[in-house]
Amino acid sequence: MENKNHMTGTINAIENNINHNIQGAIFDVDGTLLDSMSVWEDIGERYLISLGIMAKDGLGDALHTMSLEQGAVYLKEEYRLEKTVPQIVKEVLKIVSDFYRFEAPLKPGVKKTLEWMSKQQIRMVIATSGNKELVEAALDRNGILKYFERIYTCTEVGAGKDEPEIYLKAAETLQAKPENIVAFEDAFHAVETAKKAGFRVIGVYDVSNEENISRMREVCDCYYDRMDEVIKYDQVASINVV
């Protein structure tokens with residue numbers, strides 16, 4: 001891992017690259033607010049363990065590009081499970097649901113950052129590709145749901161984060177132009193989309209996106225190891241709210 005913040009440029013990056021008339025902020029959830037990507041990376045192993053079965057090496061890699069249904073078919077055939085594919089899908093989703101409801105922790109520095117932004121009267125919304133009910137449960141359990149005016153999901157807007165719709169919908173709620181909104185994201189495809197749509201973008205490191213660090217640093221206005229580094233320096237703390 002590269003040292004000292006994975007920053008784009010210097011400490012002055014935010015001052016130089018982000019419009020200080022910040023009126024709102026959009027937050028991704030998985031990998032940005034929540035340390036939750038692991039459940040998707042090892043869901044196959046978690047599921048097999050629940051059945052008392054030892055997973056073979058490389059299971060995560062095998063399932064990585066598969067849909068939930070494709071993964072269920074693979075598990076059924078590879079491990080000779082005496083279950084239907086719909087049963088496997090349902091049981092896998094139950095594991096994911098329990099993780100969000102009872103386990104998923106916040107990423108480092110999240111609460112401190114949200115508290116600071118709330119004090120600055122910066123309006124905040126969620127833009128996630130996740131399940132709205134599970135996202136609400138996880139954020140509420142971690143004590144941060146109260147900071148957000150609305151949760152937008154890709155399912156709700158009918159497009160993934162390779163399209164700008166979810167960010168533009170969030171901007172409507174924030175009643176601000178993209179150039180006056182900062183988006184927090186951990187994934188390169190989302191960062192690229194938000195940036196092309198005219199938003200200011202802060203990248204937050206997540207191990208699941210480690211292979212894209214160099215590209216993230218090129219595209220993001222700033223890129224940090226942990227979210228609260230965005231408010232650590234006087235330059236950032238002096239953002240003016242219109």
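1. Accessible areas here come from the Shrake-Rupley method with a 1.4 Å probe. On that basis the protein has an accessible surface of about 12,000 Å². Carbon and sulfur atoms account for 47% of that surface. Note that the model is predicted.

2. Overall makeup. The protein has 13 helices and 6 strands. Of its 242 residues, 48% count as buried. Take the contacts between residues at least 6 apart in sequence: 69% of them join residues at least 24 apart.

3. Cysteines. The structure holds 0 disulfides. C220 is in no disulfide, and its nearest cysteine sulfur, that of C222, is 8.3 Å away. C220 is buried, at 4% relative accessibility. C222 is also buried, at 1%.

4. Salt bridges in general. A search of the whole structure finds 13 salt bridges.

5. D28 and K161. These two form a salt bridge, with the closest N and O atoms 2.9 Å apart. D28 sits in the loop between β1 (24-27) and α2 (37-41). K161 sits in the loop between α9 (154-157) and α10 (165-174). The pair therefore ties together parts that are 133 residues apart in sequence. Both partners fall under the 20% cut-off for buried: D28 has 6% relative accessibility, and K161 has 6% as well. The bridge is also part of a network, in which D28, K161 and E185 are linked by salt bridges.

6. K195 and D221. Their side chains meet in a salt bridge at 2.9 Å, N to O. K195 belongs to helix α11 (residues 188-196). D221 lies in the loop between α12 (213-219) and β6 (222-224). The two residues are 26 apart, and the pair links distant parts of the chain. K195 is partly exposed, with a relative accessible area of 28%, whereas D221 is buried, with 5%.

7. E91 and K83. This salt bridge has an N to O distance of 3.1 Å between the side chains. E91 is partly exposed, with a relative accessible area of 27%. K83 is partly exposed too, at 22%.

Note on methods:
Residues numbered from 1 in each chain as written. Predicted model: local features only at pLDDT ≥ 70, side-chain atom pairs only at ≥ 80, totals over all residues. Heavy atoms only, no water. Helix = DSSP H or I, 4+ residues; strand = E, 2+ residues; numbered from the N terminus. Buried < 20%, exposed > 50% of the residue type's maximum accessible area, 1.4 Å probe, protein only. Contact = heavy atoms within 4.5 Å. Disulfide = S-S within 2.5 Å. Salt bridge = Lys/Arg side-chain N within 4 Å of Asp/Glu carboxyl O.
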